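Welcome to this short tour of a protein model.

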Amino acid sequence: AAPGAPAPVELPEGLVPFTGMQRAVSNNMVATMDCPVFRASREIEMDAFNALYQQVKPKGVTVSALLAKAVAKAIEKHPIVNSSFRPEGTFFNKDINIAMAVAIDGGLITPVLKYANERDVMELGENWKELVGKAKSGTLSPDEYNSGTFTISNMGMFGVAQFDAILPAGQGGILAVAGTQEHIVPCKQSILGLKKISKMTVTLTCDHRQIYGADAALFLKTLNEVMMNPSQLL
């Protein structure tokens, strides 16, 4: 290197064997490839949801818990997206168990908030903190990461504008949640005729064997309505 030049960056080289978790993730991804899926995206208005979050944040409620509750309430009206395919027909899960993808050192795991539609957000928030702690320490029980009936993958905190998620084997739907962005929209009440609102793009990936396009569109419409009127989450 030339005098005064920065030292060269040491880059990884050669084969690094998978850990047990990484191999399990890889196998799960491959297992989904035989499933015929489709995707539907929609912008969600976030101002009311963000305002509610600021109210409950001091009480220890996380965005993840509040988002899981919102998705679960939307699923109540569209249980087909909480279903799973069976060769004989559509299997409807009686519980709404929201799995949420968490990146941990050396892999990816999906802790599950069980009965997310029935429990209050304070309880969900406490449960989520406990689950994330267990995920990071490697002490989750199989039931705490294998019992999901619908999955959320949230990369909004990384500033991602939009992405698709791979459908987990055995589930009917997974919702990819991107970051919130500001938009200028027409407003008759504003002096300048414009106002600024926050929106995020979500993308639903579905098993097309039992879930159809209209099902996905109606679920996303309901989710937007829940997010715009989030008082029902409390």
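## Helices α3 and α6

Helix α3 (residues 63-77) and α6 have axes that come within 9 Å and cross at roughly 130 degrees. Axes here are lines fitted to C-alpha atoms, for helices over the stretch in contact, with angles running from 0 to 180 degrees between N-to-C directions. That angle makes α3 oblique to α6; under 35 degrees would count as roughly parallel, over 145 as roughly antiparallel, 65 to 115 as roughly perpendicular, and the rest is oblique. The crossing of α3 and α6 is right-handed, a term for a near helix turned clockwise from the far one by less than a right angle, with anticlockwise being left-handed.

On the α3 side, the contact is made by Leu67, Ala70, Val71, Ala74, Ile75 and Lys77, while α6 brings Phe219, Thr222, Leu223, Val226 and Met227. Contact means heavy atoms within 4.5 Å. By class, the contact of α3 with α6 has nine nonpolar, one polar and one charged residues. In this scheme Ala, Val, Leu, Ile, Met, Phe, Trp, Tyr, Cys and Pro are nonpolar, Asp, Glu, Lys and Arg are charged, and the others, Gly among them, are polar.

## The model as a whole

This is a predicted model, in which local features need pLDDT of at least 70 and side-chain atom pairs count only at pLDDT 80 or more, while totals for chains, interfaces and linings use all residues. Residues are numbered from 1 along each chain as its sequence is written, and side-chain values use heavy atoms, with hydrogens and water left out.

The protein has six helices and 10 strands; these are DSSP runs numbered from the N terminus, helices being H or I with at least four residues and strands E with at least two. Its C-alpha trace spans about 65 × 60 × 35 Å along the principal axes. Of the 234 residues, 43% count as buried, where buried means under 20% relative accessible area, exposed over 50% and partly exposed in between (1.4 Å probe, protein chains only). Among contacts with a separation of 6 or more, 63% come from residues 24 or more positions apart.

## Helices α2 and α3

Helix α3 also packs with helix α2 (residues 47-56), at an angle of about 130 degrees and with the axes 10 Å apart. The two helices are therefore oblique to each other, and α2 passes α3 in a right-handed crossing.

Here Phe49, Leu52, Tyr53 and Val56 in α2 meet Val63, Leu66 and Leu67 in α3. The residues of this contact divide into seven nonpolar, no polar and no charged.

## An aromatic pair

The count comes to one aromatic pair. The rings of Phe150 and Phe219 have their centres 5.9 Å apart and their planes at 55 degrees, so the pair is tilted. The rule covers rings of Phe, Tyr and Trp (its six-membered ring) with centres within 6.5 Å; planes under 30 degrees apart are stacked, over 60 edge-to-face and the rest tilted.

The pair links distant parts of the chain, with Phe150 in strand β8 (residues 150-154) and Phe219 in helix α6, 69 residues apart. Phe150 is buried, and so is Phe219.

Leu234 lies in the segment after α6 (213-228) and is exposed, with a relative accessible area of 56%. Leaving aside residues up to four places away in sequence, Leu234 touches Leu52, Val56 and Val121.

Tyr115 sits in the loop between β7 (112-113) and α4 (121-137). Its phi is near 50 degrees, a positive value in a residue other than glycine, and Tyr115 is partly exposed, with a relative accessible area of 34%.
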